[in-house]
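Welcome to this tour. Please open the model in your viewer and keep the selection panel handy; each stop below says what to pick next.

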Amino acid sequence: MLLDSVKWDDKGLAVAIAQNVDTGAILMQGFVNRDALATTISSRKATFYSRSRSQLWTKGESSMNFINIHDVFLDCDRDSIIYLGTPDGPTCHTGAETCYYTSAFDFLKNSQVGESKMALTTLYSLESTISQRKAELAEPQIGKPSWTKRLLTDDKLLCSKIREEADELCRTLEEKEDKSRTASEMADVLYHAMVLLGLRGVKAEEVLQVLRQRFSQSGVEEKESRKP
């Protein structure tokens, strides 16, 4: 059985890490015992074992910010578990999106650092930067605007760049250019498309959710299901 294959410690526990299925963000860490893991699998809600209260608890049982489980993974040693899921809201009790928002490197530079810094992957760091540039547009502008700000204030320029970069990406295939060129052009497409998403107020996570939903249906079925 699955539960028997887990290498529980001498207290019958194992580490469980909750991860956002769409963004890859690490949401939180807790401990689980056999009952907590079994409950998570059956209920599809992230459930842990409280060492201080000696009882099971389901994330969101009081805040309603559940973590809805899509899959559960065991590591190669079978002593660590990943809950892969979608959070209904902020995971941390502080109201932060995840429990991981303190950069060790920032802390080493300044132990009094108070500003939260999310542990963002490359794509979401880009999204955060674009969002910051968009917010700065409301402030008095000094000097020459950045390229991102120019794109955010000129729809025609932005759309023309997306079309231009998409064409250059296709040329890398048509002209049999090397893979590094394809990667470079795809990076340009992603950047400009992310600016458009930021301008429209659409998060990358929303796009990834749509992609995930399409995994379970064919391309033909997906197109037929679209609203006219």
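Begin by selecting Arg-78, which is partly exposed at a relative accessible area of 35% (buried means under 20% relative accessible area, exposed over 50%, and partly exposed in between, with a 1.4 Å probe and protein chains only). Arg-78 sits in the loop between strand 5 and strand 6; helices (H or I, at least four residues) and strands (E, at least two) are DSSP runs numbered from the N terminus. Its phi is near 60 degrees, a positive value in a residue other than glycine.

A word on the model itself: it is predicted, so local features need pLDDT of at least 70 and side-chain atom pairs count only at pLDDT 80 or more, while totals for chains, interfaces and linings use all residues. Residues are numbered from 1 along each chain as its sequence is written, and side-chain values use heavy atoms, with hydrogens and water left out.

Next, pick Ser-54, in the loop between strand 3 (47–50) and strand 4 (55–58). Ser-54 is not a glycine, yet it has a positive phi of about 55 degrees.

Stay with strand 3 and select Thr-47, which lies in it. Is Thr-47 buried or exposed? Thr-47 is buried, with a relative accessible area of 1%. Show its contacts (heavy atoms within 4.5 Å): not counting residues up to four places away in sequence, Thr-47 touches Val-32, Ala-36, Thr-39, Thr-40, Leu-56, Trp-57, Thr-58 and Tyr-83. For a distance check, draw a line from Thr-47 to Val-21: they are 26 residues apart in sequence and 17 Å apart in space, C-alpha to C-alpha.

Now for the cores. A nonpolar core is a set of buried Ala, Val, Leu, Ile, Met, Phe, Trp, Tyr and Cys residues joined through side-chain atoms within 4.5 Å. The largest one has 17 residues, and those with the most contacts inside it are Val-32, Leu-37, Phe-48, Ile-67, Ile-81 and Tyr-83. At least two residues of this core come from each of strand 1 (14–20), strand 2 (26–32), helix 2 (34–43), strand 5 (67–74) and strand 6 (80–87). Zoom in on Ile-67: leaving aside neighbours within four places in sequence, its contacts include Ala-18, Leu-27, Met-28 and Gly-85. Then move to a second, separate core of eleven residues, which includes Ile-130, Leu-152, Leu-158 and Val-195.

Select Glu-165 next, in helix 6 (residues 155–174). Glu-165 is buried, with a relative accessible area of 5%. Apart from residues up to four places away in sequence, Glu-165 touches Glu-185, Asp-188, Val-189 and His-192.

Phe-215 counts as exposed because its relative accessibility is 69%.

Finally, zoom out to the whole protein. Its secondary structure comes to nine helices and six strands. The radius of gyration is 22 Å, well over the 17 Å that the globule rule gives for 228 residues, so the protein is more spread out than a compact globule (the radius is taken over C-alpha atoms, and the rule is 2.2 Å times the number of residues to the power 0.38). The C-alpha trace spans about 60 × 50 × 40 Å along its principal axes. Colour by burial to finish: buried residues make up 29% of the 228.
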